[in-house]
Amino acid sequence: MTQFQKDYDAKRSQAAIDRVRGLIGDNRLALADRIAELYDKYIPLDRDVLLREALMASVASLTTPITGKPDKRRIVAVCGRSGAGKTTAVARHVESIKAMQSYIDDDGVEVHPVIFIDNPSPSTPRLVAIAGLEALGHEPRDGIRENEAWRLFRRLLKVHKVRWVVIDEAQHAIEEATVREAKVIGNAFKTLTQMRDWPVRLILIGVPPLASFLARKQLYNRRTVVPFDSIDTDGSTEVIRSVLETIVREHARMEIRIDLEEPGPSRAEDDDDPDPKKKYQFLKRLMHACDAEFGSVVQMIRAAVEVAILAEREYVTVEDFMKTYASFSGCRPSKNVFKADNWEELEPSTALLRDDDRAWEEARLKSRGKSATKYGVRPQ
């Protein structure tokens, strides 16, 4: 795709957006802009320090390349479950590192040192190379062979002066690939990082089993892993409280009308001195609703604030979170994590399932000679 085509497509897209903006009215448009501003904020954690250090080490490795032996600065791998906030974190840090920013070269051409690739599924060596070519704006010919695609991809990385390749959903390289395909992809990644005339650096983002892929010999000594672990529900209440207050009070400039220290149901003898483990019920419900993943917690808080903004209120309530969870999960009203007494027993990931869904799931498992475990969860 030429620069002219890119500019033309961008103008068409903006024109379409402007048309919609002109139809919804000034008041609704102001609310939409306020919501967009809310979602544009970023909340760093301690893990961001590790990620930035790894990315800066990757930058340094291009200034003083080490040849002839493995170098753990060649590949940065960000591993964690879905909803942990991995992709958002990588994008934010890439945007803030000067060496990774776009620039105009001596020939007056705009250079983008970083490209982002969504790893295809199924992930075969040929399809991964084609995804890379498309990220560079190149449309490979039909029927291009695997080795030709990789050779062309390596050449065009140099032509476009790309230094970093970010591959999202990198776990597909092992999750659905054959043993041979996973090995070829691993070797291809290694080759990219040690090209003598134009070595690049990889940033891999993925959920399990990405760690298994990275454990293979050709990658083990060439990667730095930054884990995005799940939240400790009992030990992270203060962190989540701080995040909630930051988003609502600082970013949205609204009030929180929720008892954040509310204890759960207690017996009469416990009323004067409730068990500390039973306190902060709202915050624990919030973490449970988001499967203890930080990125999902941030997303749910923002969505609840959005509900309040659209209602033209300047405060957030538990009901906003109930509505948000219901829209996210599809749960029945009695099974809402922010309302039900037995919320700890509820499974947010399967809240959408109804009796017909469960019957189909169980019948399908039985037809394969397997016994059902939890509904919606495949036996291991």
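**A parallel sheet and a pair of helices**

Trainee: In what order do the strands of the open sheet run?

Mentor: The open sheet has five strands in the order 4-5-6-1-7, with parallel pairing, where strands (E, at least two residues) and helices (H or I, at least four) are DSSP runs numbered from the N terminus, and two strands pair if DSSP finds at least two bridges between them. This is a predicted model, in which local features need pLDDT of at least 70 and side-chain atom pairs count only at pLDDT 80 or more, while totals for chains, interfaces and linings use all residues. Residues are numbered from 1 along each chain as its sequence is written, and side-chain values use heavy atoms, with hydrogens and water left out.

Trainee: Which strands stand at the edges?

Mentor: Strand 4 (114-118) and strand 7 (223-228) do, and each has a single partner strand, so one side of each is left without a neighbour in the sheet.

Trainee: And over how many bridges do strand 4 and strand 5 pair?

Mentor: Strand 4 pairs with strand 5 (residues 164-168) over five bridges in the parallel sense, and aspartate 118 stands opposite aspartate 168 in strand 5.

Trainee: What does helix 3 touch when it packs on the sheet?

Mentor: Helix 3 (residues 46-63) touches strand 1 (75-80), strand 5, strand 6 (201-206) and strand 7, where contact means heavy atoms within 4.5 Å.

Trainee: Switching topic, which residues of helix 14 does helix 13 meet?

Mentor: Residues of helix 13, including Met300 and Val307, meet Asp320, Phe321, Lys323, Thr324, Tyr325 and Phe328 in helix 14.

Methods: Axes are lines fitted to C-alpha atoms, for helices over the stretch in contact, and angles run from 0 to 180 degrees between N-to-C directions.
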